[in-house]
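Thanks for coming. I have one structure today, and I will keep it short. Please look at the screen.

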Amino acid sequence: MEGYVYVISHCLLNPLVRVRGLGQPELSHKGPLIQLPCPEAIYMGLDRWAVTRNQLDIPEYRRFCRELMRSSLDAVEMLSRHYRIAVVGVAGSPSCGVFTTTMGYTGGRVRESEHEEISGMGIFMEELRRAMAERGIDAEWCEARSRGD
């Protein structure tokens with residue numbers, strides 16, 4: 001096997017898709033990249049409010065994520081025959097967290113609401129891991145933190 005191909009969350013290269021007010025995550029990985037689509041921006045748009053994992057953990061959003069990743073996953077599968085795969089998510093993301101995600105908003109009228117960062121994987125990364133396992137693709141998993149975290 002040759003070097004790595006990094007499969008990265010969309011906002012690591014394009015911070016404009018992040019919820020307004022969030023810092024830019026740091027990408028320290030160098031080498032060939034596959035940029036995943038941003039499920040939250042595509043599903044909810046750019047004028048969306050911050051959400052937590054428990055709000056996205058619904059069957060429709062999981063189906064959406066699986067469909068959204070299909071073409072990227074095909075490229076990952078082909079490259080995995082010759083390269084090692086490393087998936088880079090975003091710490092604390094309800095969709096793209098690898099080791100940390102968020103929990104806590106309970107719905108209701110729009111207002112400032114408390115939430116917490118918890119151990120666990122975001123919905124999109126969870127579905128990506130499941131789909132990669134079904135295809136027999138091994139990967140290393142890591143996550144980037146936003147500046148100031």
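I start with a definition: two rings of Phe, Tyr or Trp pair if their centres lie within 6.5 Å. Keep in mind that this is a predicted model. Under that rule, Tyr43, Tyr61 and Phe64 form one aromatic cluster.

The count of aromatic pairs comes to 4. In the pair of Tyr4 and Tyr6, the ring centres are 5.8 Å apart and the planes meet at 20°, so this pair is stacked, the cut-off for that being under 30 degrees. Tyr4 is partly exposed, at 23% relative accessibility, while Tyr6 is buried, at 14%.

Next, Ser95. Where does Ser95 sit? Its place is the loop between strand 3 (84–90) and strand 4 (100–103). Ser95 has a relative accessible area of 0% and is buried. Its side chain makes a polar contact with the side chain of Glu40, at 2.9 Å. Leaving aside residues up to four places away in sequence, Ser95 touches several residues, among them Pro39, Leu56, Tyr61 and Phe124. Tyr61 also belongs to the aromatic cluster I mentioned.

Now the whole chain. There are 5 helices and 6 strands, and from the N terminus the order is β-β-α-α-α-α-β-β-β-α-β. The radius of gyration is 15 Å, which agrees with the value near 15 Å for a compact globule of 149 residues. The C-alpha atoms fill a box of roughly 50 × 35 × 25 Å along the principal axes. Of the 149 residues, 45% count as buried. Of the contacts with a separation of 6 or more, 72% come from residues 24 or more positions apart.

How values were computed
Residues are numbered from 1 along each chain as its sequence is written. This is a predicted model: local features need pLDDT of at least 70, side-chain atom pairs count only at pLDDT 80 or more; totals for chains, interfaces and linings use all residues. Side-chain values use heavy atoms; hydrogens and water are left out. Rings of Phe, Tyr and Trp (its six-membered ring) pair if their centres lie within 6.5 Å; planes under 30 degrees apart count as stacked, over 60 as edge-to-face and the rest as tilted. Buried means under 20% relative accessible area, exposed over 50%, partly exposed in between (1.4 Å probe, protein chains only). Helices (H or I, at least four residues) and strands (E, at least two) are DSSP runs, numbered from the N terminus. A polar contact is a pair of N or O atoms within 3.5 Å; within protein, one must be able to donate a hydrogen and the other to accept it, and residues adjacent in sequence count only if both atoms are side-chain atoms. Contact means heavy atoms within 4.5 Å. The radius of gyration is taken over C-alpha atoms; the globule rule is 2.2 Å times the number of residues to the power 0.38.
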